[in-house]
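Visitor: Hi, could you walk me through this one? I'm new to reading structures.
Guide: Happy to, just ask away.
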Amino acid sequence: KTIVNVPSRQNTMRELRDYLMIALGMVLYGIGWTVFLLPNDITTGIASIVYFATGFPVQYTYFAINFLLLLLALRVLGWKFSVKTIFAVFTLTFFLSIIQKLTEGVVLLHDQPFMACCIGASF
């Protein structure tokens with residue numbers, strides 16, 4: 001006798017809400033990073049350092065670093081624990097490329113780097 005777990009409607013809605021909130025968070029993070037931090041030369045991590053040193057798009061460096069970390073996480077923590085993290089990495093990588101194309105040449109708060117840092121970090 002095989003027991004099949006059928007997710008309830010409440011569990012499905014909770015999971016859907018989790019994924020929507022993750023996507024919203026990644027979009028906001030991408031806006032803060034590409035609109036406020038990068039144009040004002042504020043370094044926030046390895047991907048930013050590579051971007052400033054080489055001009056290589058930040059989303060590719062971000063994805064490459066996280067891909068290696070995700071492989072390790074899958075091995076150590078398992079698939080079920082890592083699914084939402086994988087979704088977040090792919091979502092941010094996708095939206096970083098879109099946001100960078102949409103805001104190309106836009107520099108907000110260029111003469112106020114502290115304010116750009118505060119707003120970018122808030123996003």
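Predicted model: local features only at pLDDT ≥ 70, side-chain atom pairs only at ≥ 80, totals over all residues.

Visitor: OK, and which non-glycine has a positive phi?
Guide: D41 does, at about 55 degrees. D41 sits in the loop between α1 and α2.

Visitor: Is D41 buried or exposed?
Guide: D41 is exposed, with a relative accessible area of 57%. Buried means under 20%, exposed over 50%, and partly exposed in between, using a 1.4 Å probe and protein chains only.

Visitor: Back to α3. How many residues does it have?
Guide: α3 has 20 residues, 58–77, and reaches 27 Å from its first C-alpha to its last, close to the 28 Å expected. The expected span is 1.5 Å times one less than the number of residues.

Visitor: Which residues of α3 are buried?
Guide: They are V58, Q59, T61, Y62, N66, L70 and A73. Their cover includes α1 (9–37), α2 (46–54) and α4 (79–102).

Visitor: At what angle do α3 and α4 pack?
Guide: About 175 degrees, with their axes 10 Å apart. The axes are lines fitted to C-alpha atoms over the stretch in contact, and angles run from 0 to 180 degrees between N-to-C directions. That makes α3 roughly antiparallel to α4, a label for angles over 145 degrees.

Visitor: Which residues does W33 touch?
Guide: Leaving aside neighbours within four places in sequence, W33 is in contact with L38, P39, T44, A47, S48, V58, Y62 and L96. Contact means heavy atoms within 4.5 Å.

Visitor: And which residues touch the most other members of the largest nonpolar core?
Guide: Of its 16 residues, those are M26, W33, A47, V58, Y62, L92 and L96. α1, α3 and α4 each give two or more residues to this core, and α4 gives the most, with five. A nonpolar core is a set of buried Ala, Val, Leu, Ile, Met, Phe, Trp, Tyr and Cys residues joined through side-chain atoms within 4.5 Å.

Technical notes: Residues numbered from 1 in each chain as written. Heavy atoms only, no water. Helix = DSSP H or I, 4+ residues; strand = E, 2+ residues; numbered from the N terminus. Parallel < 35°, antiparallel > 145°, perpendicular 65-115°, else oblique.
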